[in-house]
Amino acid sequence: MHDPELYKNNKFLKIYLESIHIGGFICYELIRQSNYLRDDDYVPSVVSFSTSDKSEEKILEEILELEHEISDKLTSIKSKSNVIIFCFLFKNYVIFFLWIFFIVN
Amino acid sequence: MLFFFSLEKKNIQKVYTPFDALDVRLKLRRSLITIYSLMKQKFSAKIADELKIQISSCRKKIEMIKETLKFSADVTSFFSDSVFKPMLCHIPPRAVKTLTKSNTVEELENMINQLDFIVDLSKQNNFYEILLSLDTYLKMPKNVLCYAYLDISLYINPKKYFGQQDFSEIIIEMLKNFGLNVKEFIHNSKFQEYLEKAVLVGLEYIAKHIRNKFRQQRDYSKLYQDLSILINESVKFLIIIIIIFLFFLIFV
């Protein structure tokens, strides 16, 4: 996670980890603003947090793009499964009508 | 026939695919970044409403994540205990806490619940209820981000509760509840002066209330000195009321 070389070629992982990074940085900045918190109020240790190269808006846009890609995949999966269900039902109906036809004759 | 169809429909549970799992995780991440961005801004009624929307959306996504946990990959081998070593540290680093998948979801749920609690707390306008709510908040599992957010939001404005409601109104309401007819001297300059001091002591009391319990003992002694000044001044109005106020602060 801490070595960008591990995930730089994976679009999903890259954006996901960058979003975690920027979220962590915003939280760190927010915690630092608090006047009443002292060292022993912190659950984690007080460590520095490197700034993110990207802005929140940019990350949000990238996440949204990924979501669109996934929703496209989901739609294609659903349409495929619908076709399979239709074929299955159609086959059953054909068998049923053939069966009726043979009984009648 | 129709009856059987309806029964079947009820029993059908949504089957999630790894794509659904990925999708919900990305959506949750987007909601969380939106929440953090809102938390960065100055607390207001509008921000509180937007936070509420994002919180409810996060809750739905967390529920879906729970159902798709089986798709999560094991990433423990990617985690490094020595991650803090190259970072600048003001105090000796504490042991790194490794969370399991279910623990992570629990922590996230806890954070969202506490944030929701803080938003609800901002809408309260009764001093006693505020203290009771803060007691409930302190009993919740510790979350440093929400703690910091509560701390920042409470004191955006030194005279306004969560930067929205005048704290003097809360104090006046409290005095009314004790039976003091505030209307008689509300425009009295000395009462206004007294009210300003009471606001400071009241807010300071709330501030001490959410502090570390061990530090409270030390801090309350300083607060009692302020309170004694307030009591001396309250003789001009109605001493009994302030004695009740003092008892309220000490014993409740």
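Predicted model: local features only at pLDDT ≥ 70, side-chain atom pairs only at ≥ 80, totals over all residues.
Residues are numbered from 1 along each chain as its sequence is written, chains are lettered from A and ligands numbered from 1 in the order in which they are written, and side-chain values use heavy atoms, with hydrogens and water left out.

Let me begin with the two chains. Chain A has 3 helices and 0 strands, where helices (H or I, at least four residues) and strands (E, at least two) are DSSP runs numbered from the N terminus. Of the 105 residues in chain A, 28% are buried, and by buried I mean under 20% relative accessible area, with exposed meaning over 50% and partly exposed lying in between, using a 1.4 Å probe and protein chains only. Chain A exposes about 7400 Å², and 64% of that is supplied by carbon and sulfur atoms; these areas come from the Shrake-Rupley method with a 1.4 Å probe, and for residues only the protein chains shown count as cover.

Chain B, for its part, comes to 10 helices and 2 strands, and its elements run, from the N terminus on, α-α-α-α-α-α-β-β-α-α-α-α. Buried residues make up 42% of its 252 residues, and its accessible surface is about 14700 Å², with 59% belonging to carbon and sulfur atoms. If we take a contact to mean heavy atoms within 4.5 Å, then 70% of the contacts in chain B with a separation of 6 or more are accounted for by residues 24 or more positions apart.

Now to the cysteines. Over all chains, the structure holds 0 disulfides. B:Cys58 is in no disulfide, and the nearest cysteine sulfur to its own, that of B:Cys146, is 12 Å away.

What surrounds B:Tyr149, leaving aside its neighbours within four places in sequence? B:Tyr149 is in contact with A:Leu30 from the other chain, and in chain B with B:Leu38, B:Met39, B:Phe43, B:Ile47, B:Leu51, B:Leu115 and B:Ile118.

B:Tyr149 also belongs to the largest nonpolar core, which has 63 residues, and is among those with the most contacts inside it, together with B:Met39, B:Leu51, B:Leu150 and B:Phe167. A nonpolar core here is a set of buried Ala, Val, Leu, Ile, Met, Phe, Trp, Tyr and Cys residues joined through side-chain atoms within 4.5 Å. The largest share of this core, 9 residues, comes from helix H8 of chain B, residues 189-209. Domain 1 (16-76 + 99-154) and domain 2 (160-252) of chain B both give residues to this core, so the core lies between them; the domain bounds come from an automatic or database domain assignment. Apart from this core lies another, of 9 residues, including A:Ile22, A:Ile59, A:Ile70 and B:Leu26.

B:Asp116, found in helix H4 of chain B, residues 101-121, is buried, with a relative accessible area of 12%. The side chain of B:Asp116 makes a polar contact with that of B:Arg59, at 3.1 Å, a polar contact being a pair of N or O atoms within 3.5 Å where, within protein, one must be able to donate a hydrogen and the other to accept it, and residues adjacent in sequence count only if both atoms are side-chain atoms.

B:Phe162 is found in the loop between strand E1 (160-161) and strand E2 (165-166) of chain B; its phi is near 55°, a positive value in a residue other than glycine, and B:Phe162 is buried, at a relative accessible area of 0%.

Key. Disulfide = S-S within 2.5 Å.
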